[in-house]
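Subject: Handover of a structure and its findings

Dear colleague,

Please find the structure below for your records. My notes on what was found in it follow directly after.

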Amino acid sequence: MKYINITTIENFIIVGFPGLQPEYYGAVSFLLLLLFLSIVLGNGFILAVILHERTLHKPTYLIFSHLALTDIVFGTVTLPKIVARYWWNDMISSFGVCFAQMYFVHSLGAIHSLILMIMALDRFFAIWLPFRYPVVITNKSASVACSLCWILTFIRMMGIVLHALTLPYCHKNIISHCYCDHLSITQLGCGDGVAYVKAVALANAMVSLLVPLSFIIFSYFSVIIAVLKMSQTEGRTKALSTCAPQIFITCLYYVPRCFNYIAHNLGFRFSSDARIAITMMYSLIPAVVNPIIYCLKTKDIKEALIHRFKRRKVNIAVDSKR
């Protein structure tokens with residue numbers, strides 16, 4: 001059957017979890033709202049601490065501030081709409097808004113991967129080339145690298161979105177997901193070009209995830225080897241303490257994605273609700289956990305927070321005596 005390249009639908013309907021019973025809508029919307037507030041407040045807090053504390057104006061923390069920013073924007077792009085869907089039964093998303101959401105969802109995912117790669121390379125230079133590190137990894141070079149991740153990815157993902165827009169969308173407009181993503185939208189397309197558009201997007205997704213992951217594995221593997229070769233226990237502990245939070249954050253982001261991909265290719269099939277729940281977990285839980293990890297496991301941030309807290313107590317005590 002030949003389709004004319006004309007789109008006849010104006011809106012998409014966001015279903016969320018297809019099998020969720022209405023009596024659980026309130027609980028689910030409240031949970032999603034808590035996730036949204038945790039992501040925005042937690043990452044916003046870390047972002048504010050890094051920006052305001054001069055002792056944290058170092059490449060490592062500037063890179064992490066970009067990571068926190070991607071988490072805030074991703075949560076803001078995806079969660080309010082699905083909360084509204086379960087709170088006020090607002091299921092309608094206009095054609096343009098849905099494509100815009102898809103654009104930001106996939107752009108932010110790719111940016112996140114690239115920034116994790118920069119974090120890994122930062123630790124690689126710090127451990128393997130400590131004398132060259134202050135020259136190569138500076139605040140300026142870290143900021144430029146992270147900014148290029150944002151700019152180049154937004155340009156590249158524009159091509160993916162425009163490619164999806166070449167498909168005609170004729171009849172179906174039901175999206176069984178919590179937000180608009182490329183797969184959910186393009187499988188509603190009609191015509192002979194759907195398979196090709198999906199193949200191009202899949203190749204792009206593999207490049208966006210696997211190329212940074214290759215550099216990340218190489219960097220942290222090299223770092224672990226270097227740490228094991230250290231003779232001094234104190235130096236080994238210090239090196240591990242700086243790398244451990246970043247390795248854990250990277251694992252939180254990549255391990256569930258790799259598991260989902262491997263399980264799918266091995267023939268394991270999940271129900272729609274389980275698949276959506278897994279996707280939401282590996283998309284959102286790292287954004288909630290990252291600020292906690294950095295607050296509890298990073299010495300510089302803990303010291304900056306303790307110092308600010310003690311200074312505030314002193315100021316309060318002085319003001320009370322006046």
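In this predicted model, Asn11 stands opposite Ser94 in strand S2. That pairing belongs to the contact between strand S1 (residues 11–14) and S2, which run antiparallel and are joined by 3 bridges. In general, the strands of a sheet pair through backbone hydrogen bonds, in either a parallel or an antiparallel manner.

The sheet itself is open and consists of 3 strands in the order S2-S1-S3, with mixed pairing. Strand S2 (92–94) and strand S3 (174–175) each have a single partner strand and stand at the edges, so one side of each has no neighbour in the sheet. Helix H3 packs on this sheet and touches S1, S2 and S3. The direction of H3 makes about 85° with that of S2.

H3 also takes part in a helix pair. Helix H3 (residues 95–128) packs with helix H5 (residues 139–165) at an angle of about 145°, and their axes are 8 Å apart. The crossing in which H3 passes H5 is right-handed. Where H3 meets H5, the contact residues comprise 22 nonpolar, 3 polar and 1 charged.

The remaining notes concern the largest pocket, which may be of interest for your calculations. Its volume is about 1,600 Å³. The lining of the largest pocket is made up of 46 residues, and His106, Asp181, Leu183, Asn260 and Tyr282 are those nearest the pocket centre. Sorted by class, this lining holds 23 nonpolar, 17 polar and 6 charged residues.

Which helices supply at least two residues each of the lining of the largest pocket? They are helix H2 (59–87), H3, H5, helix H6 (182–186), helix H7 (194–229), helix H8 (233–265) and helix H9 (272–297). H7 provides the largest share of the lining, with 9 residues.

With kind regards

Methods
Residues numbered from 1 in each chain as written. Predicted model: local features only at pLDDT ≥ 70, side-chain atom pairs only at ≥ 80, totals over all residues. Heavy atoms only, no water. Axes fitted to C-alpha atoms, helices over the stretch in contact; angles between N-to-C directions. Helix = DSSP H or I, 4+ residues; strand = E, 2+ residues; numbered from the N terminus. Left-handed = near helix turned anticlockwise from the far one by under 90°. Nonpolar A, V, L, I, M, F, W, Y, C, P; charged D, E, K, R; others polar. Pairing = 2+ DSSP bridges. Contact = heavy atoms within 4.5 Å. 1 Å grid on protein atoms, 1.4 Å probe; cavity = no way out; pocket = protein on both sides within 12 Å on 5 of 7 lines; lining within 4 Å. Points joined across faces, edges and corners; volume = space filled by probe spheres on them.
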